[in-house]
Amino acid sequence: MYCPFCRHPDSRVVDSRTSDDGSSIRRRRQCPECGRRFSTTETASLSVIKRNGVIEPFSREKIVSGVRKACQGRPVTDTDLALLAQRVEESIRQGGASQVEANDIGLAILPPLRELDEVAYLRFASVYQGFDSLEDFEQAIDVLRSEHAAAASADANDETDSTPVARSTGAAS
Ligand SMILES: [Zn+2]
């Protein structure tokens, strides 16, 4: 890359260091022309195409601040939010694309937020998915309820599964 001081089109790497979390590499470079030193940071690129077409770098902070609003008054800590943003970034990066749409980020936020706090999830989904009537809320709540019921009956099935086994052993003896 160009020397930022004299625009010389070449530079020499004098030192490379991987960051503690392994997500970036920092290089010290020296310009062979003017001799001055500068640093560059190399990260796996991930950018977000916003609804208005503007492209900006992916930012965990933006996810945290977006979700925090939905979590007001809820028992959600800063650590929870940081972990959620990390999970969102991981799931987005798993897709392998270097650019994603803002919409995809919203979609990636919904599942971990639902695990974290269902009220915050409903608030976030209502804004993100543009709920505009009570029916929209009812539908979303029905989905949550039916999944709670499914989880509860799965537990109940685990118990009933063991009962016939006990009975058949009883009948055999
Ligand atoms: Zn230079």
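**Before you start.** This is a predicted model, in which local features need pLDDT of at least 70, side-chain atom pairs count only at pLDDT 80 or more, and totals for chains, interfaces and linings use all residues. Residues are numbered from 1 along each chain as its sequence is written, and side-chain values use heavy atoms, with hydrogens and water left out.

**Salt bridges.** The search of the whole structure turned up 10 salt bridges. The term means a side-chain nitrogen of Lys or Arg within 4 Å of a carboxyl oxygen of Asp or Glu.

**Stop 1: select Asp 15 and Arg 17.** These two form a salt bridge, with the closest N and O atoms 3.1 Å apart. Arg 17 is exposed, at 58% relative accessible area. Asp 15 is partly exposed, at 30%. Here buried means under 20% relative accessible area, exposed means over 50%, and partly exposed lies in between (1.4 Å probe, protein chains only).

**Stop 2: select Arg 68 and Asp 78.** Their side chains meet in a salt bridge, 2.8 Å from N to O. The pair links distant parts of the chain: Arg 68 sits in helix α1 (residues 60-70) and Asp 78 in helix α2 (residues 78-94), 10 residues apart. Helices (H or I, at least four residues) are DSSP runs, numbered from the N terminus. Arg 68 is partly exposed, with 37% relative accessible area. Asp 78 counts as exposed, at 54%.

**Stop 3: select Arg 114 and Glu 147.** Another side-chain salt bridge is here, at 1.9 Å from N to O. It joins distant parts of the chain, with Glu 147 in helix α5 (residues 134-172) and Arg 114 in helix α3 (residues 102-116), 33 residues apart. Glu 147 is partly exposed, at 38% relative accessibility. Arg 114 is partly exposed too, at 26%.

**Stop 4: select Lys 50, Glu 56 and Lys 62.** A network of salt bridges links these three residues.

**Stop 5: select residues 118-128.** This is helix α4. Which of its residues are buried? They are Ala 120, Tyr 121, Leu 122, Phe 124, Ala 125, Ser 126 and Tyr 128.

Asp 117 caps the N-terminal end of α4, placing a side-chain oxygen 3.1 Å from the backbone nitrogen of Val 119.

Finish at Gly 130. This residue comes just after α4 and takes a positive phi of about 60°.

Methods:
Helices (H or I, at least four residues) and strands (E, at least two) are DSSP runs, numbered from the N terminus. A polar contact is a pair of N or O atoms within 3.5 Å; within protein, one must be able to donate a hydrogen and the other to accept it, and residues adjacent in sequence count only if both atoms are side-chain atoms.
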